[in-house]
Amino acid sequence: MIEHRGIVQRIDADQAIVAMETAGCSSCGQGGSCGIGKMASGRAATLLTLPAGPDLRVGDAVSIVLPQSRLTLSALLGYLFPAFAMLLGAGLGATLDGSDAATALGAIAGFLGALVISRVAIGLIPGLLPTPQLISLSSHSNVSQQEFHHEH
């Protein structure tokens, strides 16, 4: 599980706006390979909009949890599958015609085909993409929004 802490800033209908702590990202050992750290680009907090549970209140401390296995699956679907399809398309183009143009067109067709297949798979298979879960760490936390911003 990948886990980050945050504070609920606002609740709109069934969506919670959570300020996720990102100032401590460099201390977790992931360094430059952390996607959250890159997304934050030096800011103390990043705002995320996530589904809110009925017991969530403004000011609550929450943990934003993402299952690592789903993250790995989505990385394979998003990176490895298109790269493999592009190589397969290039090989098929080279085999059929042998020219550089056919190889390039085959690579482009393989890549675009992989994108279409990925999009269809994401639409048809529920839960394929990782969705962060909010876990309340404390109901009605004593940590106010101002204290959160002063800490970071």
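A residue counts as exposed when its relative accessible area is over 50%. In this predicted model, Ala13 has a relative accessible area of 78% and is therefore exposed.

Ala13 sits in the loop between strand S1 (2-12) and strand S2 (15-21). Its phi is near 55 degrees. That is a positive value in a residue other than glycine.

## The largest nonpolar core

The largest nonpolar core has 11 residues in all. They are Val8, Ala16, Val18, Met20, Leu48, Leu50, Ala52, Leu56, Val62, Ile64 and Leu134. Strands S2, S3 (45-51) and S4 (61-66) each supply at least two residues of this core. S2 gives the most, with three residues.

Ala16 is one of the core residues. Leave aside its neighbours within four places in sequence, and Ala16 is in contact with Val8, Arg10, Ile11, Leu48, Thr49, Leu50, Ala52, Leu56 and Leu134.

## Helix H3

Helix H3 covers residues 100-124, which is 25 residues.

Which residues of H3 are buried? They are Ala102, Gly106, Ala107, Gly110, Ala114, Ser118 and Ala121. Helix H2 (68-96) is included in what covers these buried residues of H3.

Methods. Residues numbered from 1 in each chain as written. Predicted model: local features only at pLDDT ≥ 70, side-chain atom pairs only at ≥ 80, totals over all residues. Heavy atoms only, no water. Helix = DSSP H or I, 4+ residues; strand = E, 2+ residues; numbered from the N terminus. Expected span 1.5 Å × (residues − 1). Buried < 20%, exposed > 50% of the residue type's maximum accessible area, 1.4 Å probe, protein only. Contact = heavy atoms within 4.5 Å. Core = buried A, V, L, I, M, F, W, Y, C linked by side-chain atoms within 4.5 Å.
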